[in-house]
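Subject: Structure handover

Hi,

Here is the structure for you to look through. Please open it first, then read my notes below.

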Amino acid sequence: MASSFIKIEDIGYWAKDGFVEAMQLCLINEIEIQNLDSIEWINEYKNELALESLPMIYGGMSMRLNEFIKTDERKAILIELINVIIKKIDAIDNYLTGSNLHEMRKRAMKILSETNMLEFKNQEDFETTVNDSGWNISLGIKDVKDRYQHSFKLLKMLVNGEMNSTASSPETYWNY
């Protein structure tokens, strides 16, 4: 599986694209649960995360942090979303399952359709795009949920300015 560099400016960390997509899908889901998409920039961010979650370029996924997290207020909102997701990963056994991520993926693709960011020829085309992610009911994410949770902790560190690694730094941040 390819990896993408998740960054703000030139600081960031490498993450497998599966982790990046899961972060995007969980953020989209939490934005909608909290009805934060009534705020214009958050709605735009949610839509861009949905588009990024395709992925169109393996190893080229983005969390769009440079474009959207430009103020302390925006940073605080994203940190709160990350905190809620980290707690859910800990507390809810079926939060990070193949079937739940599959449903989140389906919602992300519906967002793209509703906003005309992506057109589907028909329902079969839609289902194919949803299923292309590989999230399925039998996927054993539960066994590696600590890695997914750690990816959110790294994202939180990055947004908080607590990270100093660059694309060429050793990937020691995955040793926890």
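**Two loop residues**

N35 is exposed, with a relative accessible area of 54%. Here, buried means under 20% relative accessible area, exposed means over 50%, and partly exposed is in between, using a 1.4 Å probe and protein chains only. N35 sits in the loop between α1 and α2. Helices are DSSP runs of H or I with at least four residues, strands are runs of E with at least two, and both are numbered from the N terminus. N35 is not a glycine, yet its phi is positive, at about 55°. Most residues other than glycine have a negative phi.

N116 also has a positive phi, about 60°, and is not a glycine. Its place is the loop between α5 and α6. N116 is exposed, at 61% relative accessible area.

A word on the source. This is a predicted model, in which local features need pLDDT of at least 70 and side-chain atom pairs count only at pLDDT 80 or more, while totals for chains, interfaces and linings use all residues. Residues are numbered from 1 along each chain as its sequence is written, and side-chain values use heavy atoms, leaving out hydrogens and water.

**The core**

Which residues touch the most other members of the largest nonpolar core? They are Y13, Y45, M63, L65 and L155, out of 52 residues in this core. A nonpolar core is a set of buried Ala, Val, Leu, Ile, Met, Phe, Trp, Tyr and Cys residues joined through side-chain atoms within 4.5 Å. Elements that each supply at least two residues include β2 (11-16), α1 (17-33), α2 (40-52) and α7 (145-159). α1 gives the most, with nine residues. In soluble globular proteins, nonpolar side chains tend to be buried together.

Take M63. Leaving aside neighbours within four places in sequence, M63 is in contact with I6, V20, M23, Q24, L27, Y45, L49 and L155. Contact means heavy atoms within 4.5 Å.

Now look at I31, in helix α1. I31 is buried, with a relative accessible area of 0%. Not counting residues up to four places away in sequence, I31 touches L36, D37, I42, Y45, K46 and L81. The C-alpha atoms of I31 and T115 are separated by 16 Å, and these residues are 84 apart along the chain.

Start with α1 and α2. Their axes come within 9 Å and cross at roughly 150°. That makes α1 roughly antiparallel to α2. Axes are lines fitted to C-alpha atoms, for helices over the stretch in contact, and angles run from 0 to 180 degrees between N-to-C directions. Angles under 35 degrees count as roughly parallel, over 145 as roughly antiparallel, 65 to 115 as roughly perpendicular and the rest as oblique. On the α1 side, Q24, L27, I28, I31 and E32 meet I42, Y45, K46, L49, A50 and E52 in α2. By class, this contact has seven nonpolar, one polar and three charged residues. Ala, Val, Leu, Ile, Met, Phe, Trp, Tyr, Cys and Pro count as nonpolar, Asp, Glu, Lys and Arg as charged, and the others, Gly among them, as polar.

Next come α2 and α5. Their axes come within 9 Å and cross at roughly 110°. α2 and α5 are therefore roughly perpendicular to each other. K46, N47, A50 and L51 in α2 meet R107, A108, M109, I111 and L112 in α5. Six of the residues in this contact are nonpolar, one is polar and two are charged.

The last pair is α1 and α7. Here the axes come within 10 Å and cross at roughly 75°. So α1 and α7 are roughly perpendicular to each other. G18, F19, A22, M23, C26 and L27 in α1 meet R147, Y148, S151, F152 and L155 in α7. This contact divides into eight nonpolar residues, two polar and one charged.

**Outside the named elements**

A2 lies in the segment before β1 (3-8). At 27% relative accessibility, A2 counts as partly exposed. A2 touches A15, K16, D17, Y58 and G59, not counting residues up to four places away in sequence.

T172 is in the segment after α7. T172 counts as exposed, at 51% relative accessibility.

Best wishes
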